[in-house]
Each structure stands twice: as C-alpha cells, then as structure tokens.
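Q: Hey, could you walk me through this one? I'd like to start with the strands and then look at some helices.

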Amino acid sequence: RVEEGMKTKTAPAVLLEEPDLVERSVRDFLTEEVDEVVVDNEEAEKRVRDLVGLISQRSLRKVKRHLAAEPLFEAYGVNRQIENALRRQVWLKSGASLVIDETEALVSIDVNTGKTRGGKDHDDTIRKTNLEAAEEIARQLRLRNLGGLIVIDFIDMRSRRDQAAVYEKFKDCLRRDRARTHTLPISALGLLEMTRQRVQESIRRSVYMECPSCRGKGMVKSYETMSVEIQREISRVLRKHPEVHEIKVVVHPGVLHRLRTEDDELLVELQRRCAGQFSFKTDPGANIEDFKILNAATDQPLE
C-alpha cells in the first residue's frame, strides 16, 4: 500500500495510517475466546460485521446490537471494571491482595497475605495464596496492559518445590497473553522477574496525566516545609533588593495558616531582622508548593 501510494499520490500525502478504534478492536481482540461483540451504534455495527466477515464468517454470529435503554457500559459493568483496573490494590478471594505500582523503570507487584488465615499448615496456605496470586497477576497484566520490566514479590516460600509450582502456574497463565513475555524463575529473595512486550500505553498512563500539584511524585511538601522555604526566600529577596521595605506574599491557604499560627513568632523576628513589612494573601487555587513574593508598592514579582 505504501509503495502504491508513492506512485499514485502527490506529496504531501498520507501513505499509511493507524486504523480507527472499530478496526483496531476487531483486529486486536477478536479471538476464539471471545463469545460476543456487543455494539450500541448502527453504523459501527455494520462496520464490525464487515470486518468480522473478512476474518471469519462463523464469527458473525458473535456480533450483537445493544438495544436496551440502559447505556452499554453500565449494562455490562464496564465503568466499574475500568475503575477497578485503575486501583493500586487488588483483593483476592482468599483475602490476600496485590499492590501494583508503575514507575518509569519498572512495574512492581507485591503479594500481601492481608486477611488470609495461616491455619495449621502455614506453608500450604502460602503456596495456595501464591498460586491464586499468579493467576490474577497474569490477568492484571493483560487488563492493565502493563509492559516492560515487571518484578513480582510473592509471599516467601521455604520449599523450592512450592516455588517451582507457582512459577509453572504463572507461566501457564501467561499462555493466554498475546503480548510476548519472558519470565525468569523465582529467585532466592522470592522475586520473579519478567518482561512483557509494550504494545501500547498502560491503561493508567492513557487515562491519567501527571498531577500538577505533586508533578508526578505522588507527594507534596508539608506546610511546615513550605513555611521554612518561604521564610528563607523572603530573607534572600530582601537582601537582594535593599530598596524594598514592604512585600506581599501570595501563598496556599494551608501554608498561610501555618505561618500565622505555629510560625507567627518566627515571622515577627524575621520582619525585625530584615527591617521590612510583610503582608500575606491567599490563593485557594495555588498548589501547596507554589508561592509568590511581590513588591507591595508595585505588585511586581521579586526574584
């Protein structure tokens, strides 16, 4: 198609582009394991039938139209499943849980005993919990579209036989995965390392954007820390601008509360030491870590 387009089209021209959502869905997800393809739009249904017909006439019976008044995603619980796929913690039927964290370098999955009862045979309980976790982890990798380097911290097992059983169970569960995977045996530290082909962005990265408050760190500085930073910055700015004797500081309401309560005496001492006058203004829309120091006479920022 590209070569044909190069011969027949005049530049600039599109020679090849990614198929739309309907075509990608049929191409990537219609397998023998799929029982139904439900569509709530007449035009989309026709396209799906045309595409499915090219792949398998027998699969046309799987395509169905959603005619109920209830929205498609609500009827099939898709919204709830998406919310579950975005949660950090996944509960297992046994009472144990998985904690899934995505970072720039790798994906870590921690298996926790949680509410699991050890009982008389503690080792057997751990083995069964890890087997259950192995099956759910393989499912979560597909559901969340996690790729790259993945490290799984199973509950510690003393028996090498139990470790081998969990490893084989996990490899068997990965057979359903269309993405390429490479898995190493469980190490002496109880860690299983693997890689999974990164086909697209994970569901988390496609749904969320970086938090403008914490800038992706997952945490923000405390009010106490910000109070200290502001006091240091006021001192620096006034030393740099000896001609300025009155300043205005715009801060987050929580930071101002800290400055006017627990750190009030420190501010009074700072004003005396710098021979200046300070006034404060809150900005409810400001991030906790953001503040501005202005010349009170001109309202211009001081740097």
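A: β4 and β5 form a hairpin with 4 residues between them. Strands here are DSSP E runs of at least two residues, and helices are H or I runs of at least four, numbered from the N terminus. It's a predicted model, where local features need pLDDT of at least 70 and side-chain atom pairs 80 or more, while totals for chains, interfaces and linings use all residues. Residues count from 1 along each chain as its sequence is written, and side-chain values use heavy atoms, leaving out hydrogens and water.

Q: In what sense do β4 and β5 pair, and over how many bridges?
A: Antiparallel, over 6 bridges, with β4 covering residues 97-102. Pairing takes at least two DSSP bridges between the strands. As an example, Ser-97 has Asn-112 of β5 as its bridge partner.

Q: And how does β5 pair with β6?
A: That one is parallel, over 4 bridges, and β6 spans residues 148-153. Val-107 is bridged to Ile-150 in β6.

Q: Which residues of β5 are on its covered face?
A: Val-107, Ile-109 and Val-111, while Ser-108, Asp-110 and Asn-112 are on the uncovered one.

Q: Why the every-other pattern?
A: Because side chains in a regular strand alternate between the sheet's two faces.

Q: Okay, helices. At what angle do α2 and α3 cross?
A: Roughly 35°, and their axes come within 10 Å; α2 is residues 21-29 and α3 is 42-55. Axes are lines fitted to C-alpha atoms over the stretch in contact, with angles from 0 to 180 degrees between N-to-C directions.

Q: Who's touching whom?
A: Val-22, Glu-23 and Val-26 of α2 meet residues of α3 including Ala-44, Arg-47 and Leu-51, where contact means heavy atoms within 4.5 Å.

Key
Buried means under 20% relative accessible area, exposed over 50%, partly exposed in between (1.4 Å probe, protein chains only).
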